[in-house]
Amino acid sequence: MMFQLKKTQVNTDKAPAAIGPYSQAVIAGPFVFTSGQLPVDPMTNELVGGDAANQARQVFENLKAVLAAAGTDLSKVVKATVFLKNMDDFAAVNQVYASYFGEGILPARSAVQVAKLPKDVAVEIEMIALA
């Protein structure tokens, strides 16, 4: 039996606006799929400077805002993908990552070094969460 899933666009001004033809997140069935978030302050629309850990904190704040707009939160994340400009930043970003997840089942995760990220940032993260 075939069934149709509805998809719903998620938008919030508490996270940076999309800078291209994509949504901040999409709810599809029981899941929320976020776009990759960059370390951009949504109030100023400026990149957050500093090291990869500082940038990762802003990325997580943006992800929290997008997930909240979708009616969910970090406790419901089932998968995260971390894109790093430099794998040497893994430990610092991992420490920030761990600070945003409490007890319980941690999300599955991939972390990869990429040749370049938008706006030449140090880190970008995307997530899949239960709606």
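Predicted model: local features only at pLDDT ≥ 70, side-chain atom pairs only at ≥ 80, totals over all residues.

User: Which side chain meets Lys 85 in a salt bridge?

Analyst: Side chains of opposite charge can pair when their charged atoms come close. For Lys 85 the N to O distance in the salt bridge is 3.2 Å, and the partner is Asp 120. The pair links distant parts of the chain, 35 residues apart: Lys 85 is in the loop between strand S6 (77-84) and helix H2 (90-99), and the loop between strand S7 (108-113) and strand S8 (123-130) holds Asp 120.

User: Is Asp 120 buried or exposed, or in between?

Analyst: Buried would require under 20% relative accessible area, and exposed over 50%. Asp 120 has 39%, and therefore it is partly exposed.

User: What separates Lys 64 and Glu 61 along helix H1?

Analyst: These two residues form a salt bridge, with their closest N and O atoms 3.7 Å apart. Both belong to helix H1 (residues 52-69) and are 3 residues apart, so the separation is about one helical turn.

User: What radius of gyration does the protein chain have?

Analyst: The secondary structure comprises 2 helices and 8 strands, in the order β-β-β-β-β-α-β-α-β-β. For 131 residues, a compact globule would have a radius of gyration near 14 Å; the protein chain agrees with this, its value being 14 Å.

Terms used: Residues numbered from 1 in each chain as written. Heavy atoms only, no water. Helix = DSSP H or I, 4+ residues; strand = E, 2+ residues; numbered from the N terminus. Rg over C-alpha atoms; globule rule 2.2 N^0.38 Å. Salt bridge = Lys/Arg side-chain N within 4 Å of Asp/Glu carboxyl O. Buried < 20%, exposed > 50% of the residue type's maximum accessible area, 1.4 Å probe, protein only.
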